[in-house]
Amino acid sequence: MSAATEAGRRPAIFASMTLPRAVRAALPALSLSLILIAIAYLNPRAMSYFGFHLMLNLAIPIALATLAQMFILTVNELDLSIGTFVGFVGCVTATWLRDAPLLGVAALLGCIGVYALLGALIYLRNLPSIVVTLGMSFVWQGLAILLLPKPGGKAPEWLLGLTGLKPPFVPFPIVAAIVIAVVVHIGLMRTSYGAILRGAGGNPNAIARAGWSLLKTKIAMFTLAGIFGVLSGLALIGITTSADANIGNGYTLLSIAGVILGGGEFVGGRVSPIGAVMGALTLALAASPLLTFMHIPPDWQVGANGAILIIVLAARALISRREG
Amino acid sequence: MTAVRGVLAKPWLWSFVGALVVWLAAITFTRGYGAGGMITAALSLAVFMVVVGIGQMFVITLGPGNVDLSLPANIGLASAVAMKTMAGSDSMVAVGLVAALASGAAIGIANYLLIWALRIPPIIATLSASFIIQSVDISYGRGLQIKPPPGFADFTNLQFFGVPLLAILTALFAIAAGIALHRTIYGRSVVAIGQNARAAWLAGIKVGRVRFITYVLSGTLGGLNGALLAGYFRGANVDIGNEYLLASIAVVVIGGTSVAGGKANVPGIWGASLFLVLLLTMLNTFGVSAGVRLVVTGLVIIGVIVAAGGQTAER
């Protein structure tokens, strides 16, 4: 496949920190600013405290789901179930977590446990994660439908209070995005075990020979993905206030696109938490506010989304071609 | 031990065994009632999974990261193109089919252009393309309520002694695909690229050209599937292809093709398609709810892959 052949064709050692590489690292920020400038140009009034609050609200659950996907991609796996998982968590949040908090918390912890088990199963039996998570996507969707056959339920009060926070000067979604990005960045990029976790994706053999358990790294990453999936579901219900079994379905593809847009790679443990959050924000902004301001008819909104994705990736390809 | 490994090494056999078991369970429940009808219905529906499954199989065999996510949008658009071109008249059936195939092939070409020119991973390229195709379809097929020409609709529903004509044709096509995979330079090249793209390139295989053909093949089969679905279900629909995203990947993998690429299996696709369709039939005869049906389908997919065992890491 392309990433493998590219790595084989171009010796990556020579491209240590050239200018194009720095530009490439800045690309997620660049594309996010471009979208923001476009929105500011089309509708200056959107550039206000309240405007950002509205535009970026839904970006938070997307960012959390993107980070969940990023953890999985770090160890060279892919999660096709994150969308329906977020949906199921949403359904639990809007029903059990409100009516029977103890049961709700237990169910959510159980969900994280299932993710840990999946990581162990995938490693121990050497299974293709695409297939296992494909199966899980049916399971989560089925459970969500069983729990909430019709759209409904209601978010717990404390959750509504949390997502409705109005901190001074900086809108809550921006504060949340920065906090999330920084926490994950420090955990994954700046701690020694974070380096091991990324190494498990970059060169598993070396990590194993150095005496680290690959099983544990796989479980750790899947557990983290489970935790962030749960957080994403909680945030989503806090914003939408009620749930629907299909509420998270679009998140699977959005999360993959967000990681890639943020500079992550499919293989090799090359990921960037800050980039991933920016990728998610870019996608969320490009998805509706920008298109609404551009007066793009609803028929073409999905298509415009695809086009934006292609343009950003094309820019990246152009830059990384010079990198080599 | 070698005998056990020999059987386990043919996971596609399990898909047929699974299909049989599920069918027996269903007719035991109905006390033999509708046993034949169940097979006829399963064959009719399995055809659509096999057609896209074969295209997806060639793509997945190209190696990790290669997957065609644009199939659902492709199928939706092709169904609309076919119905509009045929315009309900029997004389235009051939033209309509060609138009649907061309629409699918064009999507395959566009997919490969994105992958090649922009060096986007195929999974993201086909995903972005599918967004655009979806918009084209929504705008092109808006309010489209053209029925398929009666001749075409009858053709897609034609049966001989309970065996749908489409199933016979698709079986022949699967045999042709099997020969293409194992006996032609093209097929061998696909497998070689999947095993080691760099080695294949050094061995003089035109990697780019083979990948191009494969994506166009997958797109074209998606187009064909769109036309056939519109004929079978009597009309085009934007969402007509939605279930074929996951289904196409599932039948390929359950059928014994390696997700890591380099190892493909055609008969397994038939087995897996029949298995999935009969599984749904069985759950329907048991009268379970939609939620339970989904959970069971998911657990079965996971169960199959766990039982079949993962591939030992091929590097």
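This is a predicted model: local features need pLDDT of at least 70, side-chain atom pairs count only at pLDDT 80 or more; totals for chains, interfaces and linings use all residues.
Colleague: Start with the interface. How many residues of chain B are in contact with chain A?

Modeller: On the chain B side there are 48 residues, in contact with 41 residues of chain A.

Colleague: Which helices of chain B supply that side?

Modeller: At least two residues each come from α5 (93-117), α6 (122-140), α10 (197-202), α12 (244-254) and α14 (290-308) of chain B. The largest share is from α14(B), with 13 residues.

Colleague: And how do the residues on the side of chain B that touches chain A divide by class?

Modeller: There are 31 nonpolar, 14 polar and three charged residues on that side of chain B.

Colleague: Pick one residue in α6(B). What is S139(B) in contact with, leaving aside its neighbours within four places in sequence?

Modeller: S139(B), which sits in helix α6 of chain B, is in contact with D299(A) and W300(A) once those neighbours are left aside.

Colleague: Is S139(B) exposed or partly exposed, and why?

Modeller: Partly exposed, because S139(B) has 13 C-beta neighbours inside 10 Å.

Colleague: Helix packing next. How do the axes of α4(B) and α5(B) cross?

Modeller: The axes of α4(B), residues 71-86, and α5(B) come within 8 Å and cross at roughly 150°. That angle is over 145 degrees, so α4(B) is roughly antiparallel to α5(B). The crossing is right-handed.

Colleague: Which residues meet there, in α4(B) and α5(B)?

Modeller: From α4(B) they are N74(B), L77(B), A78(B), V81(B), A82(B), T85(B) and M86(B). On the α5(B) side they include V93(B), L97(B), A100(B), G104(B) and I107(B). By class, that contact has 11 nonpolar, five polar and no charged residues.

Colleague: Now chain A. How do the axes of α5(A) and α14(A) cross?

Modeller: The axes of α5(A), residues 82-94, and α14(A), residues 251-261, come within 6 Å and cross at roughly 125°. That makes α5(A) oblique to α14(A).

Colleague: What meets what in α5(A) and α14(A)?

Modeller: I82(A), G83(A) and V86(A) in α5(A) meet Y251(A), T252(A) and S255(A) in α14(A). The contact divides into three nonpolar, three polar and no charged residues.

Colleague: Check some helix lengths. What should α8(A) span?

Modeller: α8(A), residues 129-147, has 19 residues, which at 1.5 Å a residue should span 27 Å. Its end C-alpha atoms are 26 Å apart, so the two values agree. The helix is mostly covered, with 17 of its 19 residues buried.

Colleague: And how many residues of α15(A) are buried?

Modeller: 15 of the 15, so α15(A) is largely enclosed by the rest of the structure. This helix covers residues 273-287, and from its first C-alpha to its last it reaches 21 Å, close to the expected 21 Å.

Colleague: What about the span of α11(B)?

Modeller: Its 26 residues should span 38 Å at 1.5 Å a residue, and the end C-alpha atoms are 37 Å apart, which agrees. α11(B) is mostly covered too, as 21 of its 26 residues are buried.

Colleague: What follows α11(B)?

Modeller: R234(B), whose phi is positive, near 55°. R234(B) lies in the loop between α11 (207-232) and α12 of chain B. With 14 C-beta neighbours inside 10 Å, R234(B) counts as partly exposed.

Colleague: Where is F161(B)?

Modeller: In the loop between β1 (159-160) and β2 (163-164) of chain B. F161(B) counts as exposed because it has 6 C-beta neighbours inside 10 Å.

Colleague: Last one. Where is L117(A), and how far is it from P204(A)?

Modeller: L117(A) is in helix α7, residues 101-124, of chain A. With 14 C-beta neighbours inside 10 Å, L117(A) counts as partly exposed.

Methods:
Residues are numbered from 1 along each chain as its sequence is written. Chains are lettered from A and ligands numbered from 1 in the order in which they are written. Two residues are in contact if their C-beta atoms, placed from the backbone, lie within 7 Å. Helices (H or I, at least four residues) and strands (E, at least two) are DSSP runs, numbered from the N terminus. Ala, Val, Leu, Ile, Met, Phe, Trp, Tyr, Cys and Pro count as nonpolar, Asp, Glu, Lys and Arg as charged, and the others, Gly among them, as polar. Axes are lines fitted to C-alpha atoms, for helices over the stretch in contact, and angles run from 0 to 180 degrees between N-to-C directions. Angles under 35 degrees count as roughly parallel, over 145 as roughly antiparallel, 65 to 115 as roughly perpendicular and the rest as oblique. A crossing is left-handed if the near helix is turned anticlockwise from the far one by less than a right angle, and right-handed if clockwise. The expected span of a helix is 1.5 Å times one less than its number of residues. A residue is buried if 20 or more other C-beta atoms lie within 10 Å of its own, exposed if 12 or fewer, and partly exposed in between; C-beta atoms are placed from the backbone.
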